[in-house]
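Okay, thanks for coming, everyone. Let me put the structure up, and then I'll talk you through it piece by piece.

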Amino acid sequence: MGFSWSMYWCQRAHEECLDASAPDAQEAGLGPSRRLKERAPFPGWYSSPRDPAWDYETRDPTKSVCANLIYADNNAVFGIQQQKVDKCFQDLITAVTDRHLLLHEIQKSSDRGDLLGVHIDGVAGLVRPTKTRLWRVRQAFQYLACAPRVTGAEVLHRIGHATYLLLFN
């Protein structure tokens, strides 16, 4: 087992912390069914399309639930009611720190924020790359254009970053 497994184990450790959290925390938005995952649709703000609160016209924010995102050692909680987001986030902090895992750069709930090089604006309904991330990718391609020789792996690495940016357009 080499270094390539470290990301997988870090991800699984954080997922297990939240999966083992209290049942009320899981129902509020920390459970696996409320997690944003690759190749899966957004879990939505309500528990089920069969829930009367789910109807767009008559939905009741007090019946909303949160969604969570885990990426290695980064955790985020999303929701439409600040009190529920704050409670769910506090449950997330408790679940992680009770298992002696470290947290960094804790941000309180907000309508806007940056996460993993992406700016999320809940008021305007926008998700876009941060200016810093755009600048870094632009610099990486400028280096490729000026370098006397580059490897295929270097080009592939930069294309991967550019593809990530294009997902937001």
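Starting at the N terminus, the elements of the protein chain go α-α-β-β-α-β-β-β-α-α. That makes five helices and five strands, where helices (H or I, at least four residues) and strands (E, at least two) are DSSP runs, numbered from the N terminus.

Quick housekeeping. This is a predicted model, so local features need pLDDT of at least 70 and side-chain atom pairs count only at pLDDT 80 or more, while totals for chains, interfaces and linings use all residues. Residues are numbered from 1 along each chain as its sequence is written, and side-chain values use heavy atoms, with hydrogens and water left out.

Now the whole chain. Of its 169 residues, 31% are buried; buried is under 20% relative accessible area, exposed is over 50%, and partly exposed is in between, with a 1.4 Å probe and protein chains only. As for contacts, meaning heavy atoms within 4.5 Å, take those with a separation of 6 or more: 42% of them join residues 24 or more positions apart.

Let's go to the helices. In α1 we have E15. Is E15 buried or exposed? E15 counts as buried, because its relative accessibility is 15%. Not counting residues up to four places away in sequence, E15 touches R35 and I70.

A20 has a relative accessible area of 47%, so we call it partly exposed. From A20 to G31 is 11 residues in sequence and 8.6 Å in space, C-alpha to C-alpha.

Then there's α3, residues 82-97. As a reminder, an α-helix has 3.6 residues a turn, so residues three or four places apart point the same way.

On to the strands. N75 sits in β2, and N75 is buried because its relative accessible area is 14%. Leaving aside neighbours within four places in sequence, N75 is in contact with H14, L69, I70, L92, V96 and L103.

Next, β3. Its covered face has G113 and L115, and its uncovered face has R112 and D114. β3 pairs with β4 in the antiparallel sense over four bridges; two strands count as paired if DSSP finds at least two bridges between them. L115 stands opposite V118 in β4. That hairpin has two residues between the strands, and L116 takes a positive phi near 55°.

β4 then pairs with β5, again antiparallel over four bridges, with D121 opposite L126 in β5. Here there are four residues between the strands, and G125 is the one with a positive phi, near 70°.

Last topic: pockets. On a 1 Å grid over the protein atoms alone, a pocket is an open set of points where a 1.4 Å probe fits, with protein on both sides within 12 Å along at least five of seven lines, and lining residues have an atom within 4 Å of a point. Grid points are joined across faces, edges and corners, and a volume is the space filled by probe spheres set on the points.

The largest pocket has a volume of about 1900 Å³. Of the 50 residues that line it, L69, A76, F78, L115 and I120 are closest to its centre. β2 gives the most to this lining, with five residues. By class, the lining of the largest pocket has 26 nonpolar, 13 polar and 11 charged residues. For the classes, Ala, Val, Leu, Ile, Met, Phe, Trp, Tyr, Cys and Pro count as nonpolar, Asp, Glu, Lys and Arg as charged, and the others, Gly among them, as polar.

What about the second largest pocket? It holds about 240 Å³ of space. Among its lining residues are L116, R133, R136, H157 and H161. α4 gives the most to that lining, with five residues. By class, we get three nonpolar, five polar and three charged residues.

That's my tour, so over to you.

Technical notes:
The expected span of a helix is 1.5 Å times one less than its number of residues.
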